[in-house]
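Please read these notes with the model open beside you. Each point takes up one topic.

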Amino acid sequence: MTLRKVNISILIVAIVIFLLVIHHNFLSLSDFLRRELSDPSPLGLQPIDFIPAAPQRLIDESNDKDIAVVIAASDERLGGAIAAMNSIYQNSRSNVVFHIVTLNDTVDHLRTWLRSPLLKNMRYRILEFDTRVLEGKVKVDPQKADAFKPLTFARFYLPSWVPDAEKAIYVDDDIIVQDDIVELYNTPLKPGHAAAFSDDCDSTSSKVAVRGAGNQYNYIGFLDYQKETIRKLAMKANTCSFNPGVFVANLTEWKLQNITKQLEKWMALNVVEELYSKTLAGSITTPPLLIVFYKQHSSIDPMWNVRHLGSSAGKRYSPQFVKAAKLLHWNGHFKPWGRTASYAEVWERWYVPDPAGKFNLLRRHSEAYEAK
């Protein structure tokens with residue numbers, strides 16, 4: 001009987017040792033797999049570039065969803081796009097993936113810049129914009145062909161850039177983000193709304209007077225209400241406009257409502273009927289958006305689009321307010337990579353030097369670029 005108990009005890013000890021060995025091997029395998037998954041090296045290619053592996057510091061059960069951020073990157077403003085992406089990446093613990101829309105002749109310069117050690121773990125795709133989609137939809141003055149910026153229309157084609165995403169953020173290249181962009185991404189959109197913008201009449205944005213145009217914060221500042229086509233829409237001329245430089249899009253609704261086709265329709269009509277206001281020398285992308293989203297858009301927190309920093313060389317906001325802002329937007333002629341923009345030092349904290357040495361030569365000429 002005693003021998004039997006001894007045998008049973010030995011068997012139990014053997015089983016325990018066996019289980020401990022298996023547990024140890026399992027932990028070693030798990031640790032190996034974690035190291036493999038945290039390897040930030042590229043695993044494959046999408047249209048041009050794609051880095052799909054999230055750095056280990058970002059892996060969090062509460063933030064495991066990819067946050068799609070679309071940004072246009074033209075060669076003459078590439079430093080702006082780089083600084084914007086760097087500020088978003090460094091301030092976010094979410095799995096941000098940048099969808100960078102550019103032109104073919106900018107791809108090599110952009111790819112070189114993105115190889116900077118400061119950006120090595122940033123996840124991105126480089127996507128080429130085919131300007132042929134704009135044929136018949138934009139009237140280009142032959143004498144001012146160089147002033148035409150096709151990438152400003154990239155925001156009209158969001159489902160093409162992120163076809164599998166349910167939601168996306170669009171940002172201009174003249175912004176800096178100072179908080180986790182997941183907060184902007186989580187902006188609630190009302191049922192049936194395909195996008196959320198920041199209204200120009202919100203509490204943080206001062207009214208901007210445009211010489212000869214009245215106010216640039218209502219519909220009459222962007223659309224020609226003398227045209228019958230505009231009057232038939234029955235849109236109130238004093239309706240508050242919104243800024244399309246930063247917005248959140250519900251791409252499921254966007255596709256259901258055929259938003260891109262609607263925008264293209266109004267672009268084509270403008271070529272024939274000249275529906276946009278001639279008193280504004282600025283945006284040609286805002287008017288069709290105002291028409292399509294008239295009283296059919298949600299609102300983002302105004303602190304996620306503190307704008308007009310580029311409307312003058314002076315400082316319109318206090319340093320305390322600028323520090324508290326979640327997103328700073330230098331819309332206007334005075335860009336932060338120029339010599340006279342307000343709070344340019346805030347932008348410079350996020351600027352990554354151009355390894356090709358091209359962008360610094362352009363900074364002195366930034367005031368001449370068309371304001372968005």
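1. Start with the contacts (heavy atoms within 4.5 Å). Among contacts in the protein chain with a separation of 6 or more, 76% join residues 24 or more positions apart. This is a predicted model: local features need pLDDT of at least 70, side-chain atom pairs count only at pLDDT 80 or more, and totals for chains, interfaces and linings use all residues. Residues are numbered from 1 along each chain as its sequence is written, and side-chain values use heavy atoms, with hydrogens and water left out.

2. Next, the overall make-up. The protein chain has 12 helices and 11 strands. These are DSSP runs, numbered from the N terminus: helices are H or I with at least four residues, strands are E with at least two. The chain has 372 residues, and 50% of them count as buried. Buried means under 20% relative accessible area, exposed over 50%, and partly exposed in between (1.4 Å probe, protein chains only).

3. Look at strand β1, residues 66-72. Six of its seven residues are buried, so β1 is largely enclosed by the rest of the structure. Strands pair if DSSP finds at least two bridges between them. β1 pairs with β2 (residues 95-102) in the parallel sense, over seven bridges. Here I71 has I100 as its bridge partner in β2. From β1 the chain passes through helix α2 (residues 78-90) to β2, a right-handed β-α-β crossover. Right-handed means that, with the strands pointing away from the viewer, the path from the first strand over the helix to the second runs clockwise.

4. β1 also pairs with β4 (residues 167-171). This pairing is parallel too, over three bridges. V69 has I169 as its bridge partner in β4.

5. How many disulfides are there? The count is one, taking a disulfide as a pair of cysteine sulfur atoms within 2.5 Å. C201 is joined to C240, with 2.3 Å from S to S. The two cysteines are 39 residues apart: C201 lies in the loop between β6 and β7, C240 in the loop between α6 and β9. C201 is partly exposed, at 36% relative accessible area.

6. Last, the aromatic rings. Rings of Phe, Tyr and Trp (its six-membered ring) pair if their centres lie within 6.5 Å; planes under 30 degrees apart count as stacked, over 60 as edge-to-face and the rest as tilted. The whole structure holds 15 aromatic pairs. F197 and F293 are edge-to-face, because their centres are 5.3 Å apart and their planes stand at 65°. Both residues, F197 and F293, are buried. F247 and W254 are stacked, with 6.3 Å between centres and 5° between planes.
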